[in-house]
Amino acid sequence: MTENQAIERLSTMIGEKRLKHTLGVRDTAIELAKEHNVDVEKARWAALLHDCAKKISNNLLLQRAEEFGIVIDDICKRVPALLHAPVGAEIAKREFGIDDEDILNAISLHTLGHKDMTTLDKIIFLADYIEPNRDCKAINQLREDIEGKSLDEAIQMACENTIKYNLEEGRVIHPQSIELRNSLISD
Ligand SMILES: Nc1ncnc2c1ncn2[C@@H]1O[C@H](COP(=O)(O)OP(=O)(O)O)[C@@H](O)[C@H]1O
């Protein structure tokens, strides 16, 4: 499948606003990949497909996750929206023909992150957060704060922002994000 064919198909799955975000993530991920000597094509495809399951309803996400053999932990049962990442990876494989495990893992980990992320995983996680079409005060501040910082420092800030946001909203926090955050703190 060519990139244009993938974008065409995506546009029927995620709508115009999410597609604009996706293209922003793609451009940011490609820039970061060049900066960190990561395979640009892997970054392109992981970014393009990271949100392909974003518009699937909670009930259907739970159904698909079960069907695909994805582990549904207690937090994902309570916040099925989190499953759009691992379900998206499975859709990328089945419907977009992606068989590269690095790309599929990056899609799967893009929302929660993981303490053992590869550089590609980190790039997609960060690009999803800072791409130029995502607009809110905290993110504008984060874009300034990460100037000149390492990838891990930027990931830590993005991860802490997500944890703070979910705390402020009174939402549950997935332990995987806490583990990621703790792994980035040096004692
Ligand atoms: N670490 C986390 N723990 C629990 N819920 C989370 C976590 N990160 C994100 N969420 C929740 O999962 C949903 C999807 O998050 P996300 O994909 O980051 O949304 P968006 O890309 O639309 O900003 C949101 O309801 C968000 O609050």
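Analyst: In this predicted model, the shell around the ligand consists of six nonpolar residues, five polar residues and one charged residue. The residues that surround the ligand are Val 79, Ala 81, Leu 82, Thr 111, Leu 112, Thr 162, Asn 166, Arg 171, Val 172, Ile 173, His 174 and Ser 177.

Two members of this shell, Thr 162 and Ser 177, also take part in a helix contact, Thr 162 from α9 and Ser 177 from α10. Helix α10 spans residues 175–183, and its axis lies 9 Å from that of α9, at an angle of about 145°. α9 passes α10 in a left-handed crossing. On the α9 side the contact is formed by Gln 156, Cys 159, Glu 160, Thr 162 and Ile 163, and on the α10 side by Ser 177, Leu 180 and Arg 181. By class, this contact of α9 with α10 comprises three nonpolar, three polar and two charged residues.

Helix α9, residues 151–168, also packs against α7; the two axes come within 10 Å and cross at roughly 50°. The helices α7 and α9 are therefore oblique, and their crossing is left-handed. From α7 the contact draws on Thr 119, Lys 122, Phe 125, Leu 126 and Tyr 129, which meet Leu 151, Ala 154, Ile 155 and Ala 158 of α9. The contact of α7 with α9 holds seven nonpolar residues, one polar residue and one charged residue.

Helix α7, residues 119–130, has a further partner in α1, residues 3–35; the axes of α1 and α7 come within 8 Å and cross at roughly 135°. The helices α1 and α7 are therefore oblique to each other, and α1 passes α7 in a right-handed crossing. Here Val 25, Thr 28, Ala 29, Leu 32 and Ala 33 of α1 meet Ile 123, Ile 124, Leu 126, Ala 127, Asp 128 and Ile 130 of α7. Nine nonpolar residues, one polar residue and one charged residue make up the contact of α1 with α7. Leu 126 of α7 is named in the contact with α1 and again in the contact with α9.

As for annotation, an unreviewed UniProt entry assigns "domain: HD" to residues 18–133. In the model, this span is 66% helix and 0% strand, and its end C-alpha atoms lie 10 Å apart.

Technical notes. Residues are numbered from 1 along each chain as its sequence is written. This is a predicted model: local features need pLDDT of at least 70, side-chain atom pairs count only at pLDDT 80 or more; totals for chains, interfaces and linings use all residues. A residue is near a molecule or strand if its C-beta atom, placed from the backbone, lies within 6 Å of it. Ala, Val, Leu, Ile, Met, Phe, Trp, Tyr, Cys and Pro count as nonpolar, Asp, Glu, Lys and Arg as charged, and the others, Gly among them, as polar. Axes are lines fitted to C-alpha atoms, for helices over the stretch in contact, and angles run from 0 to 180 degrees between N-to-C directions. Helices (H or I, at least four residues) and strands (E, at least two) are DSSP runs, numbered from the N terminus. Angles under 35 degrees count as roughly parallel, over 145 as roughly antiparallel, 65 to 115 as roughly perpendicular and the rest as oblique. A crossing is left-handed if the near helix is turned anticlockwise from the far one by less than a right angle, and right-handed if clockwise. Two residues are in contact if their C-beta atoms, placed from the backbone, lie within 7 Å. UniProt positions are given in the numbering used here, feature names are shortened, and annotations may be inferred rather than shown by experiment.
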